[in-house]
Amino acid sequence: MSLLQFDDYEIDIEQRRLTERGQPLRLGGRAFDILSTLVSRAGEVISKEELINLVWPTTTVDEGSLRVHLVSLRKTLGDRAKHYIETIPGRGYVFAGSVQPLARNEGGQEPDTAVVTDLMSALPRIPRKLVGRDEFIASTLELLKTARLLTIAGPGGIGKTSVAVVCAHALSASRRIVFVDLAAVADGEKLLPSIASQLGLNTFGEDILPGILTELSKTQTLLLFDSCERIVDAAANVAEALLRSSPTTQVLATSREALRASMERVRQLSPLEYPMDGRAAPDPREYPGVELFISLAALAGDNIDLTEPDSIQLAADIVRRLDGIPLAIELAAARSFDMDLATLHRSVADPIAVLRRGRRTAPPRQHTLRATIDWSYSTLSGNERELLQRLSVFAGTFSPEAAMAVAGSEGHAEEFHEAFDGLFLKSLLVVTQHGGKFRLLGATRDYAREKLAQAEFATSCRHSHAVYCLDRTRIAERDWSTADPVKWRSLNTDLVHDLRAALLWAFSDGGDEDLGIQLTAASDTIWVQFGLIAEQLAVAERALRLFVERGLVDTALEMRLRMSYGSALYHTKSIERNADVIAEYHRVLDLAVAEKNTVKLMRAIVGIAAIQTSNGDYQGAIDLVNRFDGELDTIAPQARSRLLNHNYHYVGDFNKAMEHAWVALSTQCKSIGSQPNSGSSFDPRISTLCTVVKTHWIQGRYSAARAALRDTLEETVARDHAISTCLFLAASACPTAFGLSDTALAAELLGILREVSAKNSLLRWRDWASGYESVLAALHTQDQGLFQRSMNGIKGAPFENSIVMAGRLADDTTLQRIDPVGTWCGSEALRLRGELAMQHSPTQGRALLVAAYDLAVSQAGTTFELRCATSILRHSPPDRLESARSRLLKVMDSVEYDERVEDVTSAKALL
């Protein structure tokens, strides 16, 4: 069996995972092999020689190496370790615990603990009890009853994060907890996007604050800003902005310095208490600092007797020399396994003493913590030092595979694993809860980066990191079309921070611009799916400018860059930038034609068609698709239908629109996350369903329209793709709800459109929402002036939808902006003009009404036929009443009789 349980622990030998009560535990690779061997043969004495051969099958090591890794087991398993793993003198080791085999879930798959859906699970894992912090935690919780912004301040390594996490856990029953790791945010401008990401928001534009405030207003929330010192000004500004506008929000911050923000209460976290003079204290073990050292040293090695008075006094003196800093105490205790207490005491004396008396002008973080890290760094081997420096290139967490990618250890895997395990055992690597990934503590990472900047391998390391990001980005892009979105985002969350760091280096002096351009071209899926399109725009614009300035010739690369830039420009800017967007797409189109690249050709066509549709040039979009019908057919017979269905709808050929829609839907997978991004980043299935929903209503199938609207809305929400959601709501759902006379549903849908577009900073769709809101307000008050003003600044599909929804408030000049020929709502525009003309010229008015009816019949727009026939009967002279009545009866027979629809009840009233 590969899945075993002992007490509260489960060990999965196949997946190489150790958990305690469901929580992943950190364990080095060799230590895991030792534990798995002993547990799988519980009760059997295994000799030291056999154990070494099993764990190091291809390497010759001595008994000391085995003992080092046994330290990791003791440290991980805690006080119970000695009861689990017993030493049999002269024979070897035996696992004495009770072991039970466990059955796996159906299909042989264990739960994917990497996918974290609860915001609380994003909190760092800390010890069950913090030594010496009970009083501070209790008083902090009391302050949090009234304080809106509370900062826990203190030097690095003092335990600020641990205390804050304990407080957050204590408050989690009464409010949502959102942990934001500012150590991974190198630029203050990225703080708001990081907060949005932790809240589960997609942010596609530059102004993302409204979306964050909308989300925060839903429930009481505690934002835990951890490690603010690197971007303290940004942290202060963001905290003030959020607290001013969101009364349901609190901020608990940790920082090496106060934020100096309004409303801030500051609590200084002091070092753990220790005897000021180790020899004078009656019982040093009563001091928290000494208690912590003794407990950790006992786990680190069994060769130190910490019960003798002299040893206790030495321990107290070590803690005093370390200033009671918890991190420094932990690093010192970790060395108890390979040196006696007297040697350890001498080792810590000089560095700490010198630094405590160092330059007063030195940065605060260098007064004590730097000494601790300097001392720890001096104990590392050459390979461990180099690996520590190389690992500092990661912005956040990393896997062992990622670490190997930047380690420069090609062909020397054993050396890498030895160095990696060494760093872990010496507490310089911290394991996270996310699938066994690791990270460097912020101070350790800063220290290692300083060393890396001076190393001769700095450039090659940064280059390796960028190449790793390029490979990861390409894999992420490949997997997106078939992956579950939640799992995909969980797997690639850390990649965003590393991608930023890699691009920053690549485009800096001494970087690699060619690699940066390739990385940009490969990253558009990452930016889109994490809602960072504003960031994508800046990155793509810079890379494309360099590509052109340097005169590079790479058609495939240029197409990707221009497509990424055009798509980002389309969604983050308003319609005023349409010309720039379409220019990029046309360039991609020309390149795709020259290279016979049908995939890029289709994406370019989709992008151009989206702009043409937005501008009202529907026939132009159809002509473009038909121009390349041969090339599109090579992709799939349904490719043309995916592009044509909505444009045939917009030119008023409703039957052909539905024919193409059904063809397109016949091959489009319904599973969430199955569809690749098109050139405009719309989900092609949702785009097609927009046509189906709205055309059902126009052709008089009202029940079908309602059902399709409801089902498509559910599917769109499940896909959790903001751009496609806005497309469906704006272009189809809202106009259809208005047409069905369901104003309550229309208002509800409009509210969703407003929220999604604002939350995700989608300026184009926010403009649609604002326009529809004005239409709804004008209808409610019958305010023709308001309606006319709202129509002045829009064109294309938004304008046409507004006319169909509330055109009775329009004047003739506004209605004449719609060319009846080749337009889906041309018959409605003619009808409305006829109604206005009846007031001054009945003959002209009736002619316009008849022309409108004939156009509606030719387009198979049955609902528009019904409106026109109703108007004709309403304005017919006595000698034409019978024919007009017959016409209306005929139309009534062709539409679904639904008295909830105003068009039906108006016709019935006349009959």
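Analyst: Of the 911 residues in the chain, 57% are buried; a residue is called buried under 20% relative accessible area, exposed over 50%, and partly exposed in between, with a 1.4 Å probe and protein chains only. This is a predicted model, in which local features need pLDDT of at least 70 and side-chain atom pairs count only at pLDDT 80 or more, while totals for chains, interfaces and linings use all residues. Residues are numbered from 1 along each chain as its sequence is written, and side-chain values use heavy atoms, with hydrogens and water left out.

The chain has 43 helices and 14 strands. Both are DSSP runs numbered from the N terminus: helices are H or I with at least four residues, strands are E with at least two. Contact means heavy atoms within 4.5 Å. Among contacts between residues at least 6 apart in sequence, 69% join residues at least 24 apart.

Now the helix pair α34 and α35. Helix α34 covers residues 743–759, and helix α35 covers residues 763–781. Their axes are 9 Å apart and the helices pack at an angle of about 150 degrees. Axes here are lines fitted to C-alpha atoms, for helices over the stretch in contact, and angles run from 0 to 180 degrees between N-to-C directions. Angles under 35 degrees count as roughly parallel, over 145 as roughly antiparallel, 65 to 115 as roughly perpendicular, and the rest as oblique. The two helices α34 and α35 are therefore roughly antiparallel. Their crossing is left-handed, a term for a near helix turned anticlockwise from the far one by less than a right angle, whereas clockwise would be right-handed.

Which residues of α34 and α35 meet? On the α34 side they are Ala 747, Leu 750, Leu 753, Arg 754, Ser 757 and Ala 758. On the α35 side they are Trp 765, Arg 766, Ala 769, Tyr 772, Glu 773 and Leu 776. By class, this contact of α34 with α35 has 8 nonpolar, 1 polar and 3 charged residues. Ala, Val, Leu, Ile, Met, Phe, Trp, Tyr, Cys and Pro count as nonpolar, Asp, Glu, Lys and Arg as charged, and the others, Gly among them, as polar. An α-helix has 3.6 residues a turn, so residues three or four places apart point the same way.

Helix α8 (residues 209–216) has the buried residues Gly 211, Ile 212, Leu 213, Glu 215 and Leu 216. What covers these buried residues of α8 includes α34, along with the strands β9 (176–181), β10 (221–226) and β11 (249–255) and the helices α7 (191–198) and α9 (232–245).

Helix α32 (residues 702–719) and helix α33 (residues 722–739) cross at roughly 160 degrees, and their axes come within 11 Å. Helices α32 and α33 are therefore roughly antiparallel to each other, and α32 passes α33 in a left-handed crossing. From α32, the residues Ala 705, Leu 709, Thr 712, Leu 713 and Thr 716 meet Ser 724, Thr 725, Phe 728, Leu 729, Ala 733, Thr 736 and Ala 737 of α33. The residues of this contact divide into 7 nonpolar, 5 polar and no charged.

Asp 898 lies in the loop between α42 (881–894) and α43 (902–910), and it is buried, with a relative accessible area of 6%. Leaving aside neighbours within four places in sequence, Asp 898 is in contact with Tyr 702, Arg 706 and Val 904. The side chains of Asp 898 and Arg 706 are joined by a polar contact of 2.6 Å. Such a contact is a pair of N or O atoms within 3.5 Å; within protein, one must be able to donate a hydrogen and the other to accept it, and residues adjacent in sequence count only if both atoms are side-chain atoms.

A buried loop residue of another region is Ile 818, placed between α38 (812–815) and α39 (826–837), with 6% relative accessibility. Not counting residues up to four places away in sequence, Ile 818 touches Phe 799, Glu 800, Ile 803, Thr 823, Cys 825, Gly 826 and Ala 829.
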